[in-house]
Amino acid sequence: MQRIKMGKTSELSPGSSIEKRILAKRIAVFNVDGKLYGIESDCKHMKASLQKGQVKNEIVTCPWHHWQYDIKTGQCLTVDRFKLKTYQVEVEADDVYIIFD
C-alpha cells in the first residue's frame, strides 16, 4: 500500500473536489459537507471525468451522460453491475492523502 498526496485541505472547500492521475488512473477526492471521499474518477460509461460532475447528497453525476455513482461505495446507480473503486482518505496537517494499493 502507498500513501499518495492529492493536495491541500485549503484546495478542498465543501462542495469542491480535486483530481490526480496515478498509475494511469484518475482519482478524485470530493469534499461533501466537510467529509472527504476518494473514488476512481473515470465514469464506467465513456471514461468522462467525474471530478467535473455535480455532487448532491453523496451522489456524483457524470457531466457527459448523467450516470450516477454513490461516492461512499463507488456503486453505479444507473447500471448496477458497475462499481468504481473507492479509496481511504487521510488528512495530516494541511495535506490530503489517499491510500493506494
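Mentor: This is a predicted model. One rule to start with: two strands pair if DSSP finds at least two bridges between them.

Trainee: What makes strand S1 and strand S9 edge strands?
Mentor: The open sheet has 3 strands in the order S1-S10-S9, with antiparallel pairing. Strand S1 (2–8) and strand S9 (89–92) each pair on one side only.

Trainee: Why is Arg-26 called buried?
Mentor: Buried means under 20% relative accessible area. Arg-26 has 16% relative accessibility, so Arg-26 counts as buried. Arg-26 lies in strand S3 (residues 25–32).

Trainee: What makes the link from the side chain of Arg-26 to the backbone oxygen of Lys-47 a polar contact?
Mentor: The side chain of Arg-26 reaches that oxygen at 2.5 Å, and the cut-off for such a pair is within 3.5 Å. Arg-26 also touches other residues, including Glu-19, Ile-39 and Ser-49.

Trainee: How do you know that strand S6 and S7 pair?
Mentor: Strand S6 (residues 59–61) and S7 share 3 bridges in the antiparallel sense, and Val-60 stands opposite Tyr-69 in S7. At least two bridges are needed, so S6 and S7 count as paired.

Technical notes: Residues are numbered from 1 along each chain as its sequence is written. This is a predicted model: local features need pLDDT of at least 70, side-chain atom pairs count only at pLDDT 80 or more; totals for chains, interfaces and linings use all residues. Side-chain values use heavy atoms; hydrogens and water are left out. Helices (H or I, at least four residues) and strands (E, at least two) are DSSP runs, numbered from the N terminus. Buried means under 20% relative accessible area, exposed over 50%, partly exposed in between (1.4 Å probe, protein chains only). A polar contact is a pair of N or O atoms within 3.5 Å; within protein, one must be able to donate a hydrogen and the other to accept it, and residues adjacent in sequence count only if both atoms are side-chain atoms. Contact means heavy atoms within 4.5 Å. Lists of a residue's contacts leave out its neighbours within four places in sequence.
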